[in-house]
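Have the sequence and the 3D view ready.

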Amino acid sequence: MHGTFLRQTRRYSAGHMRSLVLIGHGSHLNGESASAVYRYAEMIRARGLYDEVVEGYWKEEPSLRQVLKTTASTDVTVIPMFISEGYFTETVIPREMGLGHQGPVPPEGVARVLGGRTVRYTLPYGVHPSMSQVILARAHEALPDASPEDTALIVLGHGTTRNENSNKIVYQNAGVLRQTGQFAEVHALFLDEDPKVGTWPELVKAPRVVVVPFFASEGWHTLETIPEDMGLEGPVTTFADNPHGEQTVYYAKPVGTHSAVADVILHLAEEAAGASTSDGDTERAHDAAWTTFMDRAREGLRFGEVMVQPQSGMFELRHALDEGRPGHELQTLVTPEGVRDQTRRDEGGHHRPVHTLRNMPRGWRAVLDEGDLMRAVQYLYPAVIEETYAHTCHTLRPTPWATTARRQTGIYARVQKATPAQVEEVAADVCSGCLRTRLWAGDKLPQTFFSGVPGAIPCAEACTFLVAEVREEVAGKRGGGSGHSH
């Protein structure tokens, strides 16, 4: 594996610009949902193979609609951080990113030129052939002396009746591992379709059983539903009177959190077809936006809820309401990731899926160099610099609510039935707490923070948080107050 990456480093060391984008699902409610994507981005960033590694989400920011604007180069590879093909990888992500593709993604991926960027979109990492090695690694962690004499392997998938592609990869990996002859038997079982995981005592004969969840992250299913369905009491559980006699189950960690997944992601990126014939370059609009921002930052700048002050070759970033507080009273942060983690929850500890809501916690200051300041600001306010600069140049095109609603599919198609009055009622609740000005609803924004008005930030399109709240309103499930249903 590593020889490939060494070649790749040499190949791209002559000043070519390349961006890697990792797309996760994210959540309006659960801050942990995005953490696996953040961790892989950090691991890949540390290898220095790409000029930047950017995260984007369906339910968080930067959104799928915004994420390409946040990339600094004209050469972009997009990897869906999903364990199998299905509704999100085939419908939602391509639609929201404007890739002009729907349905199964070919093995070599899809390539498009969008607004001057070459964008390559790959299959999800979970379908890569080397994932069978990750399953094996997880199995041997749980039971180092697993053997073909007395050990069965269960590859455990989620399964769904909505998309037949989602179980295909579980069966494929089970087949590959069966052929290695390293286990007495190998079974593919599922949470939500037959054969269900609860039937394992009838199916599995071997006295020792290793269960590897084919899931992207540690979460409700791996921590609660799987142990409950199988009757597990921890990493090792012995069942004395199963149909095939005494059996001991060794429960492994999910494949999606294994560090080797970083290698899988890089393989997928390297194999993506449709590379532009010319090498990637700096994306001009993005560069202009950040050059303008840094010029303002060097003079001292307030925007959103924060302020930036130059300090002897470095920059201090803090909540504007903490202006004048001595540094020793504030927690000092020294990395962009520190700023990100500090501001992902409000002061009550609640997850902040929309970063421009006026609920950023106080009590911290970050001291950063120029490059780290830019990354910290990207985490604080994803896509805000790019969109606000575009607005000042009259190149930000608002998307009316009707267009956003028409694009929704699946459980969100219901928002197409919302009356203008319903949309306005929900927006009055949700958007009133946000710094952005709703250009999509016809509001005007004559000035921005670039011209000295801190809270003046454009909103070109209704966010997924608002869409989800409108859906609840149409369904009659919304009880007033924002953010309790998704």
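F82 is buried, because its relative accessible area is 14% and buried means under 20% relative accessible area, with over 50% called exposed and anything in between partly exposed (1.4 Å probe, protein chains only). F88 has 22% relative accessibility, so F88 counts as partly exposed. Please keep in mind that this is a predicted model, in which local features need pLDDT of at least 70, side-chain atom pairs count only at pLDDT 80 or more, and totals for chains, interfaces and linings use all residues. Residues are numbered from 1 along each chain as its sequence is written, and side-chain values use heavy atoms, leaving out hydrogens and water.

How do the rings of F82 and F88 sit? Their centres are 5.8 Å apart and their planes are at 20 degrees, so the pair is stacked. Rings of Phe, Tyr and Trp (its six-membered ring) pair if their centres lie within 6.5 Å; planes under 30 degrees apart count as stacked, over 60 as edge-to-face and the rest as tilted. By this rule there are 15 aromatic pairs.

Another of these pairs joins W290 and F293, which is edge-to-face, with 5.5 Å from centre to centre and 70 degrees between the planes. Both residues belong to helix α9 (residues 284–297), where they are three residues apart, about one turn of the helix. W290 and F293 are both buried. Ring pairs also link them with F303, Y381, Y389, F449 and F450 into a cluster.

Touching here means heavy atoms within 4.5 Å. You will find H25 in the loop between β1 (19–24) and α2 (35–47); helices (H or I, at least four residues) and strands (E, at least two) are DSSP runs, numbered from the N terminus. H25 is partly exposed, because its relative accessible area is 28%.

The contact is made by Y40, M43, I44 and R47 of α2 and V261, A262, D263, I265 and L266 of α8.
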